[in-house]
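Here is a short report on one protein model. Look over the sequence and the structure first, then read on.

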Protein chains: 2
Amino acid sequence: MADIAATVETYWATAQARDWRAFGATLADDVRYELPQTRERVLGRDGVVRFNAEYLGEWSLEVERVIADGEQAVSWVRFSEDEEETQAISFFTASADGRIQTITDFWPTPYEPPREREQMVERF
Amino acid sequence: MADIAATVETYWATAQARDWRAFGATLADDVRYELPQTRERVLGRDGVVRFNAEYLGEWSLEVERVIADGEQAVSWVRFSEDEEETQAISFFTASADGRIQTITDFWPTPYEPPREREQMVERF
């Protein structure tokens, strides 16, 4: 069985390279991709490849961290286009043959912190 | 050295129990807590304990996943109060003695999906 950490690194490297054939090869046939924030779901390799190929657009990505533990992994990735940056956190589980079985993506966006805690924090 | 996965489980169990002494014992003296979405930072155990004690309020939490790899870990936690649910994803690194050295928290919130991809997804 392939190492899920290495598979996740390949997933992002091939996305960055827009090598959608190699990207698809990291995915199980019946991969399930979910976005809990929008309650969207894509089922199956072809749909997930298409979603990413269209979604990624002109963004460039850089992997900040990958953490893996047996058949699970998570990545923290920075996307940038011009001056804009956004971050994605993706949870992965592996299929029996080491491909990616499930992907759960979170896209946290900036927000204004509550005033009532401004005495407890510094800003960076 | 303590297992960072076990330390993260204790961090959340003691937060749920509002046992702030035991919660503090999971943290390095010079722990660094950061929220990239608001660019807030809290330095040191006392400040991090206080921030969590005041922030957690009436919420109940449930750990969805913990993934650990050597000196790094991540958790995905669901917070609920009445009918409302929110999720947190927290990246941890360990100090040499196995306490928590850094915490990077993300709080992704729901958003409306772009219309242009509605042909590519189902909703759940």
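In which strand of chain A does A:Thr93 lie? A:Thr93 is part of strand β5, residues 84–94 of chain A. Helices (H or I, at least four residues) and strands (E, at least two) are DSSP runs, numbered from the N terminus.

This is a predicted model, in which local features need pLDDT of at least 70, side-chain atom pairs count only at pLDDT 80 or more, and totals for chains, interfaces and linings use all residues. Residues are numbered from 1 along each chain as its sequence is written, chains are lettered from A and ligands numbered from 1 in the order in which they are written, and side-chain values use heavy atoms, with hydrogens and water left out.

Is A:Thr93 buried or exposed? A:Thr93 counts as buried, because its relative accessibility is 18%. Buried means under 20% relative accessible area, exposed over 50%, and partly exposed in between (1.4 Å probe, protein chains only). The side chain of A:Thr93 also makes a polar contact with the side chain of A:Thr102, at 2.4 Å. A polar contact is a pair of N or O atoms within 3.5 Å; within protein, one must be able to donate a hydrogen and the other to accept it, and residues adjacent in sequence count only if both atoms are side-chain atoms.

A:Glu84 sits in strand β5 of chain A too. Contact means heavy atoms within 4.5 Å.

| Residue | Touches |
|---|---|
| A:Thr93 | A:Glu71, A:Gln72, A:Arg99, A:Ile100, A:Gln101, A:Thr102 and B:Arg65 |
| A:Glu84 | A:Trp59 and A:Phe79 |

**Chain A as a whole**

Chain A has three helices and seven strands. From the N terminus on, their order is α-α-β-β-α-β-β-β-β-β. The C-alpha atoms fill a box of roughly 50 × 30 × 25 Å, taken along the principal axes. Of the 124 residues in chain A, 52% count as buried.

**A sheet with strands from both chains**

Strands of a sheet pair through backbone hydrogen bonds, either parallel or antiparallel. Here seven strands form an open sheet with mixed pairing, in the order β7(A)-β2(B)-β1(B)-β6(B)-β5(B)-β4(B)-β3(B). Two strands pair if DSSP finds at least two bridges between them. β7 (122–123) of chain A and β3 (60–69) of chain B stand at the edges; each has a single partner strand, so one side of each is left without a neighbour in the sheet. β7(A) pairs with β2 (residues 40–43) of chain B in the antiparallel sense, over two bridges. In that region, A:Arg123 stands opposite B:Glu40 of β2(B).

Helix α1 (residues 4–16) of chain B packs on the sheet, and its direction makes about 170° with that of β3(B). Axes are lines fitted to C-alpha atoms, for helices over the stretch in contact, and angles run from 0 to 180 degrees between N-to-C directions. Among the buried residues of α1(B) are B:Ile4, B:Val8 and B:Trp12. B:Asp3 caps the N-terminal end of α1(B), with a side-chain oxygen 2.9 Å from the backbone nitrogen of B:Ala5. Just after α1(B), B:Arg18 takes a positive phi of about 50°.

Definitions and conventions. Lists of a residue's contacts leave out its neighbours within four places in sequence.
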